[in-house]
Amino acid sequence: MASLSFAESKRKFHPQTCFVSFHLIQFHSTNTNSNSTESSTQKHIKILQKYLRSVHYHRFISTSTIISMSSVENVITPSLIIPQRKSHFTQWFTGLESALSADLSLSLASHNLSTETLRIKLTRYPKLLLRFARTSSLHQNHAKAFLLRSEFVEDWSTLTTPLLSKLQPRALCALIYVWARLDTVPSESFCDQWLLQINQKRSFSVLPPSELSAILWSFTKLRRLNVDTNILNDWTQSFLESHREFNPKSLAMSIWGFAVLQVRPSREFFKAWADEFHRQSEFFDNESLCNSIWSISVLDAKPTRQFLDLWMNQLIQNDAELNPQQVSIALWGLAKLKTKPSADFMNYWNSRFIQCRRMDVSDVSLSLWALAELQISANEEVSRAMVRFIGTSSEELETVTQSDFVRLFRSISRGCTRFPKRLMISWCAYFESNHIQSVKLTEWCDVLWSFTRMDYTPSDSTIREFCLQFESRSVTRRKVQQKLSVNRLVRALSSLASMDYVPSGEFLMRWFVLIEKH
């Protein structure tokens with residue numbers, strides 16, 4: 001009778017309430033006579049389906065779905081069949097949202113779920129979305145769009161947050177890792193509660209090395225977590241206790257995580273990490289080697305020459321192809337550490353650079369900067385490859401962004417690698433015609449200096465525009481003043497002098513004021 005009265009008053013109930021009620025009905029049915037249970041359960045299912053049909057859930061939750069709930073654990077299993085047709089995506093996502101609300105509502109109502117079952121239930125839906133996103137690029141785009149426009153993440157966060165206190169550290173870390181893989185951040189309240197629980201339980205030591213490195217990687221993707229020093233110290237302590245169990249990929253991911261978070265780990269961490277690198281260097285692949293040198297450079301870890309020689313030799317011995325980003329990072333890392341590469345390494349690097357079929361201008365500028373910093377001139381083949389990557393025609397230069405142009409000019413102006421004069425002038429002319437008006441003031445100084453180094457003279461209107469920006473009130477802002485270093489200011493005035501341009505008295509007054517402030 002209670003169920004019938006519930007069905008009759010369906011307009012007063014949310015579908016989640018309906019599913020919780022069914023959970024209670026089914027739990028009661030498992031403790032009654034088996035003969036009467038089947039007919040009673042079927043009767044209640046029909047009542048519930050009639051209600052669900054009235055709120056447009058009938059297309060997504062069938063009788064078989066409801067019956068699939070375990071009488072003990074009360075698990076609702078959404079469709080695990082990933083749709084292949086675009087026309088089926090919306091229906092699949094809607095069914096996922098429906099199952100989420102029903103399943104987690106049951107979890108809130110139940111007090112006898114085991115920790116492991118709860119972990120499985122909470123990670124089921126993000127993992128299912130991850131499987132969907134990894135099916136193809138089309139699936140990935142639709143998954144991102146769904147997460148942005150729907151309330152799925154907010155609903156999951158709201159329903160999951162009260163259950164976090166029941167989870168162990170390993171399960172808490174698993175939740176965060178899945179969302180990091182989806183490149184999606186749960187709600188702020190969820191993040192706050194997660195941090196509270198992980199701080200209280202303080203136990204990364206239960207995680208195997210692969211999961212330890214994965215959780216640090218997750219921190220880099222989910223910046224809303226605002227991971228504090230205490231958590232990172234606990235993580236480091238767990239690493240020191242188990243670092244001999246880390247494989248090369250986990251080692252590389254660990255130091256990379258600190259570099260991305262811009263947190264310098266302890267001296268003990270660096271020592272333990274370097275010891276493991278010496279012990280396992282022959283098993284590092286190119287990706288792990290390049291990520292490691294980038295991270296060490298960003299963290300300014302000051303490795304020994306022995307370490308760097310071992311790193312260079314291992315990259316050479318791997319004798320595998322490098323992608324364009326890895327090519328630029330390999331040399332950039334050594335330049336950042338002020339380490340002159342060996343002749344064998346430069347021969348290897350040159351060959352890998354030439355083998356690249358295409359490279360972003362940002363990676364070309366990194367390589368140019370590294371060559372200039374190391375005082376090495378690019379050979380003829382590398383120079384030709386760079387020209388090919390940058391482009392010479394207007395159609396090719398259209399793909400180069402303003403920021404990439406600025407980085408490229410800065411690198412060329414350092415002077416170790418020269419390109420044909422006609423090409424540099426064409427690059428400068430294209431930049432002046434299409435990008436110069438939107439350049440920031442601090443970039444103006446670098447661009448003008450680069451123009452003079454590449455024997456290019458911009459138009460009078462371009463120079464006047466720079467002087468007007470310099471004379472404007474925006475120069476008085478503190479951030480702008482900090483970026484306008486003495487070196488930049490001197491170069492700006494020197495550039496104007498080399499172009500035979502006489503600045504106004506107001507320009508010179510502001511220039512002297514800024515110089516005095518340094």
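This is a predicted model: local features need pLDDT of at least 70, side-chain atom pairs count only at pLDDT 80 or more; totals for chains, interfaces and linings use all residues.
## A walk through an all-helical listing

Residues are numbered from 1 along each chain as its sequence is written, and side-chain values use heavy atoms, with hydrogens and water left out.

Searching the whole structure gives 38 aromatic pairs. One of them joins F345 and Y348, a tilted pair with 6.4 Å from centre to centre and 45° between the planes. For such pairs, the ring centres of Phe, Tyr and Trp (its six-membered ring) lie within 6.5 Å; planes under 30 degrees apart count as stacked, over 60 as edge-to-face, and the rest as tilted. F345 and Y348 sit three residues apart in helix 18 (residues 343–355), so about one helical turn separates them. In general, an α-helix has 3.6 residues a turn, so residues three or four places apart point the same way. Elsewhere, F89, W92, F93, F132, F146 and F152 make up one aromatic cluster.

Now step back to the whole chain. It has 28 helices and zero strands, where helices (H or I, at least four residues) and strands (E, at least two) are DSSP runs numbered from the N terminus. Of its 518 residues, 49% count as buried. Taking contacts (heavy atoms within 4.5 Å) between residues at least 6 apart in sequence, 77% join residues at least 24 apart.

What about the cysteines? The structure holds zero disulfides, a disulfide being a pair of cysteine sulfur atoms within 2.5 Å. C173 counts as buried because its relative accessibility is 6%, and C428 counts as buried because its value is 0%.

With 13 residues at 1.5 Å a residue, helix 28 should span 18 Å, and its end C-alpha atoms are 19 Å apart, which agrees; the expected span is 1.5 Å times one less than the number of residues. Within helix 28, F507, W511 and L514 are buried. These three cover an arc of only 70° around the axis, so they lie on the same side of helix 28 (the arc is that of the directions from the helix axis to the C-beta atoms). On the other side of helix 28, M509, E516 and K517 are exposed.

Finally, visit some loops. Most residues other than glycine have a negative phi. K302, although not a glycine, has a positive phi of about 55°; K302 is placed in the loop between helix 15 (286–299) and helix 16 (305–318). With a relative accessible area of 60%, K302 is exposed. Q375, also a residue other than glycine, has a positive phi near 55°, and its place is the loop between helix 19 (361–373) and helix 20 (380–390). Q375 is exposed, with a relative accessible area of 65%.

The last stop is T399, in the loop between helix 21 (394–397) and helix 22 (402–413). T399 is exposed at a relative accessible area of 64%. T399 and D360 are 39 residues apart in sequence and, C-alpha to C-alpha, 9.5 Å apart in space.

How values were computed:
Buried means under 20% relative accessible area, exposed over 50%, partly exposed in between (1.4 Å probe, protein chains only).
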